[in-house]
Amino acid sequence: MEQGLLGVSFDSDYVESKIVLLSYVEDGTCEGENQSDLVLSSAKIGDAGVMDMDSITVLKRIEQPYRNHNGGYLLHVGNGNYLWGVGDGGSANDPHGNGQDPSNPLGTIQLFEFRGNEIVAVLDNSTGDPFVLHYGLRNPWRFDVSDDGDLWIADVGQNCWEEVNLVTLDKRSNLGWGDREGFQEFYEGVSCTEEQGESDIDVTDPILAYPHQEGNCSITGGYWMDWGPESLRNGYIYGDFCTGSIWIIEEIDGEWTETKIGNSGGMIVGFGEGMNGEIIVFHWTGDIVEISQKS
């Protein structure tokens, strides 16, 4: 297994510190049990704009029992605080029950402050892991914070449903996995046609779930659009890995409404913001598609 970089974020005092935060899967063999952890590190950028490899400092290490569902996205949310997405540990059906264990870092969104080249828990949790802000996630591939402080999470599903979750930065939430997938009860062998309904456990259901139909298979988010083309402002944009379809969900007449806005023509792995405010769509193949301000 080759080393994989999953997330990069600048120190809030980068101009002075020249420090970046890195989230990656470390090197390991592809044979036998997984030996590659998910790692959060810091590193300094030298005067020539090149990373000083000798400066890399490991801040946190999370053991991964399997090779899939690493998550790893990093997002700076202000005041030196960061969010770190961590998958449920992999395999299928959440075999170790990580999603519903708030004392376990797997299947969570972690919140921490980066201070003095170390990470510090900022939550006042009397039980569970003090870094865990939200749990019950399968593989939170991308997420974003809106201008009013809401957290939008694109969580990759398994059998039937891809989901968009809307939560806050100040209250812990259980997002259901692996007891729920979308609005449906989840268990090994569940049919996608079984009735959806309310949960008998205290969970925060997604605001939207779309099915594995017409080739859809895996959600990739996403940005809260307080920038970019005017027609896409005030909504959350996301896409699907297999079909390349792109949607925006926005509040219309008090309800969250999903609108398909196009297809990128490839396998979407993420979105970005261009130098001139255009939306950049990244493909698995390395291709890049631009949605311009004129769209």
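A pocket here is an open set of grid points, on a 1 Å grid over the protein atoms alone, with protein on both sides within 12 Å along at least five of seven lines, and its lining residues have an atom within 4 Å of a point. Keep that in mind as we walk through this predicted model.

Let's start with the largest pocket, which has a volume of about 370 Å³. Its lining takes in 16 residues, and Asn139, Trp141, Ser218, Phe241 and Trp284 are the ones nearest the centre.

Now over to strand E19, residues 245-252. Buried means under 20% relative accessible area, and six of the eight residues of E19 are buried, so the strand is largely enclosed by the rest of the structure.

Who are its partners? On one side of the story is strand E18 (residues 235-240), which pairs with E19 in the antiparallel sense over five bridges. In that pairing, Gly235 sits opposite Glu250 of E19. The two strands make a hairpin with four residues between them, and Gly244 in the turn has a positive phi of about 75 degrees.

Then there is strand E20 (residues 255-263), antiparallel to E19 and joined to it by eight bridges. Here Ser245 has Asn263 in E20 as its bridge partner. E19 and E20 form a hairpin too, with two residues between the strands, and Asp253 takes a positive phi near 55 degrees in it.

How values were computed
Residues numbered from 1 in each chain as written. Predicted model: local features only at pLDDT ≥ 70, side-chain atom pairs only at ≥ 80, totals over all residues. Heavy atoms only, no water. Buried < 20%, exposed > 50% of the residue type's maximum accessible area, 1.4 Å probe, protein only. Pairing = 2+ DSSP bridges. 1 Å grid on protein atoms, 1.4 Å probe; cavity = no way out; pocket = protein on both sides within 12 Å on 5 of 7 lines; lining within 4 Å. Points joined across faces, edges and corners; volume = space filled by probe spheres on them.
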